[in-house]
Amino acid sequence: MTRTLFGTALAVALLAAVPATAQSPVGDPAALETAAAAWVQLSNAARFEVLTAQLTAAGLPFEVQAFEGGTARTGPLEGRNVIVTLGAGPRDIVLIAHYDAVPLNGGAFSQGIVDNAGGVLAMITAAKALQAGVAGQPFLHRFVFVLTDQEELGLIGASKWLEVADRARIAAVINADVAAYGETIMYGENNGPQSTGVLRALRLQCAERATTCIGFPVYPPSDDRVFTAAGLPVLSLGTQDAIGAHQMWLAFNGGEAPGLQEGFVPPVFQRIHSAGDHLDLFDGEAVHRFGGFLADLALRIARAE
Ligand SMILES: [Zn+2]
């Protein structure tokens, strides 16, 4: 009995000594919540360390693409994309989520949970699901996860990755940005006529899963725009609670009289890029569900191509 108690105490102590960054984020909603807490950092360099530690803990091998980035405002600034490639085949389904967050006034740093640790953790969840599925299978497609840096500086990481990618391999691109809570999936319908086929696949999946998905004729830009401009088929997705998703739809698509109060800003736009983008908003259930949705969507598109 004593020995068992000692053993238990030691195990608890060992668990407590493992930093959240080094625990696998995948498996269940609780693991995702623990993982999300590790993303509260003071720089994008620290977020890179969290990301790579969590990929390692999840058993997902990755490569790092360093690039010379930055803007006129920041000056030259090295960035780092993190790339996970699964399976083999002649063409690629590319899955994108940016991991960088924004500095705030007064030297603070956004927690960047909604924008976009949630999206990254959903992608890690999807990658882990696909890794099991593609093992030893002769797939027609690879799944290439590109976790980008410097999205917030002007989609720089995504642009740098596409500069060196073999575009002829890219069958479709799925981007996830702003995804830490809510059961409603938002998607853009403004990614060019080349995206008609992937939009159909998305809508079919929403119908089959009885998931509420809202198409936005005008959807705010993210890394997707880099691929849209290159003429590639692209889906850009996010999640929110139903009210927030509809308010955002009205704000972007409601025209002159959207029916929103004068000066109304959808809550998500009050949160992102501010101190309001906070860990408290993270919902492990929602991100877990969205990760599964992304994996199935990638498989569906891979089969249809
Ligand atoms: Zn974002």
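I began with helix 4 and helix 10, whose crossing is right-handed. Before going on, I reminded myself that this is a predicted model.

**Entry 1: helix 4 against helix 10.** I looked up the geometry and found that the two axes come within 7 Å and cross at roughly 55°. That angle makes helix 4 oblique to helix 10. Next I listed who touches whom. From helix 4 come Gly-118, Leu-121, Ala-122, Met-123, Thr-125, Ala-126, Ala-129 and Leu-130, and from helix 10 come Val-287, His-288, Phe-290, Gly-291, Gly-292, Leu-294, Ala-295, Ala-298 and Leu-299. Which classes make up this contact? I found 12 nonpolar and 5 polar residues, with no charged ones.

**Entry 2: helix 6 against helix 10.** I stayed with helix 10 (residues 284–304) and turned to helix 6 (residues 196–209). Their axes are 10 Å apart, and the packing angle is about 130°. On the helix 6 side I noted Val-198, Ala-201, Leu-202, Leu-204, Gln-205, Cys-206, Glu-208 and Arg-209; they meet Arg-289, Gly-292, Phe-293, Asp-296, Leu-297, Arg-300 and Ile-301 of helix 10. By class, I have 8 nonpolar, 2 polar and 5 charged residues here.

**Entry 3: helix 2 against helix 10.** A further partner of helix 10 is helix 2 (residues 29–38), packed at about 110° with the axes 8 Å apart. Are the two roughly parallel or roughly perpendicular? They are roughly perpendicular, because angles from 65 to 115 degrees count that way. I wrote down Pro-29, Leu-32 and Glu-33 from helix 2, and Gly-284, Glu-285, Val-287 and His-288 from helix 10. The classes in this contact are 3 nonpolar, 2 polar and 2 charged.

Entry 4: I then went looking for buried nonpolar residues. In soluble globular proteins, nonpolar side chains tend to be buried together. Here the largest nonpolar core has 71 residues, and Ile-93, Phe-143, Phe-145 and Leu-237 touch the most other members. Which element gives the largest share of this core? Helix 4 (residues 113–134) does, with 12 residues. There is also a second, separate core of 16 residues, including Ile-96, Trp-161, Ala-165 and Val-226.

Setting aside neighbours within four places in sequence, I found Ile-93 in contact with His-141, Arg-142, Phe-143, Val-144, Ala-171, Ala-172, Ile-174, Ala-298, Ile-301 and Ala-302.

Entry 5: Val-120 lies in helix 4. Is Val-120 buried or exposed? Val-120 is buried, because its relative accessibility is 0%. Beyond four places in sequence, its contacts are Trp-39, Leu-51, Ala-97, His-98, Tyr-99 and Leu-147. Of these I checked Tyr-99: it sits 21 residues from Val-120 along the chain, with 6.4 Å between the C-alpha atoms.

Gly-133 is in helix 4 too. I noted Gly-133 as partly exposed, at 29% relative accessibility.

**Entry 6: a look at helix 8.** Ile-243 belongs to helix 8 (residues 242–253). With a relative accessible area of 59%, Ile-243 is exposed. I found its C-alpha atom 9.6 Å from that of Gly-182, which is 61 residues away along the chain.

Entry 7: Most residues other than glycine have a negative phi, and most peptide bonds are trans. I searched for departures from this. Which peptide bond did I find to be cis? The bond from Asp-115 to Asn-116 is cis, with omega near 15°. Asn-116 has its place in helix 4.

Leu-155 has a positive phi, near 60°. I located Leu-155 in the loop between strand 4 (141–148) and helix 5 (156–164). Leu-155 counts as buried, because its 18% relative accessibility is under 20%.

Ala-210 has a positive phi as well, near 55°. I located Ala-210 in the loop between helix 6 and strand 7 (213–216). Ala-210 is exposed, with a relative accessible area of 68%.

Key. Residues numbered from 1 in each chain as written. Predicted model: local features only at pLDDT ≥ 70, side-chain atom pairs only at ≥ 80, totals over all residues. Heavy atoms only, no water. Axes fitted to C-alpha atoms, helices over the stretch in contact; angles between N-to-C directions. Helix = DSSP H or I, 4+ residues; strand = E, 2+ residues; numbered from the N terminus. Contact = heavy atoms within 4.5 Å. Nonpolar A, V, L, I, M, F, W, Y, C, P; charged D, E, K, R; others polar. Core = buried A, V, L, I, M, F, W, Y, C linked by side-chain atoms within 4.5 Å. Buried < 20%, exposed > 50% of the residue type's maximum accessible area, 1.4 Å probe, protein only. Parallel < 35°, antiparallel > 145°, perpendicular 65-115°, else oblique. Left-handed = near helix turned anticlockwise from the far one by under 90°.
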